[in-house]
Amino acid sequence: MAEQTLIQFRADKLLKEEVSAIYESLGMDLTTALRMFLVRSKASNGLPFPAVIPESTITRTEALSAFDQLRTQAADVPEMSLDEINAEIAETRKARKAK
């Protein structure tokens, strides 16, 4: 077995707990997942996933404006009963199966 070394770093507590829960549901602990990240980084000679800067970004003001526009549009949508919603879902599923 190769000589081992200790790696320590700080992370947001809630983030660590949430990510740990994800890996536990996959049957591994956080240490194993991080070790896998290091092995994949070595194999790909870089990050094991694409790391790109988005072509476009949206400002907080633009996002809030878009949200307000959607809220205004939604205000004009008539209310539906649960039965109507379920009927619409059933019709959509029926149409998908027919394809």
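Begin by selecting R60, which counts as exposed at 67% relative accessibility, where exposed means over 50% relative accessible area, buried means under 20%, and partly exposed lies in between, with a 1.4 Å probe and protein chains only. This is a predicted model, in which local features need pLDDT of at least 70 and side-chain atom pairs count only at pLDDT 80 or more, while totals for chains, interfaces and linings use all residues. Residues are numbered from 1 along each chain as its sequence is written, and side-chain values use heavy atoms, with hydrogens and water left out.

R60 has its place in helix α3, and helices here are DSSP runs of H or I with at least four residues, as strands are runs of E with at least two, numbered from the N terminus.

Next, select residues 30-44, which make up helix α2. The expected span of a helix is 1.5 Å times one less than its number of residues, so the 15 residues of α2 should span 21 Å, and this agrees with the 21 Å between its end C-alpha atoms. Just after α2 comes N45, where phi is positive, at about 55 degrees, although N45 is not a glycine. N45 lies in the loop between α2 and α3 (60-75), and it counts as exposed because its relative accessibility is 74%.

Stay with α2 and select F37, which lies in this helix and is partly exposed, with a relative accessible area of 34%. Then extend the selection to I7, F9, L34, L38, L47 and F49, which together with F37 make a nonpolar surface patch of about 710 Å². Patches are made of residues with over 30% relative accessible area and no salt bridge, joining like charges within 9 Å and nonpolar side chains (Val, Leu, Ile, Met, Phe, Trp, Tyr) within 5 Å. A salt bridge is a side-chain nitrogen of Lys or Arg within 4 Å of a carboxyl oxygen of Asp or Glu, and accessible areas come from the Shrake-Rupley method with a 1.4 Å probe, only the protein chains shown counting as cover for residues.

Which residues form the positive surface patch? Select R93, R96, K97 and K99 to display it, bearing in mind that Lys and Arg count as positive and Asp and Glu as negative, whereas His and the chain ends are not counted. The place of a charge is taken as NZ of Lys, CZ of Arg, CG of Asp or CD of Glu. K99 is found in the segment after α4 (82-98), and K99 counts as exposed at 86% relative accessibility.

Now turn to the segment before α1 (13-25), where E3 has its place; E3 is exposed, with a relative accessible area of 82%. Between the C-alpha atoms of E3 and A87, which are 84 residues apart along the chain, the separation is 63 Å. D12 also belongs to the segment before α1, but D12 is partly exposed, at 48%.

Finish at L26, which is found in the loop between α1 and α2 and is exposed, with a relative accessible area of 58%.
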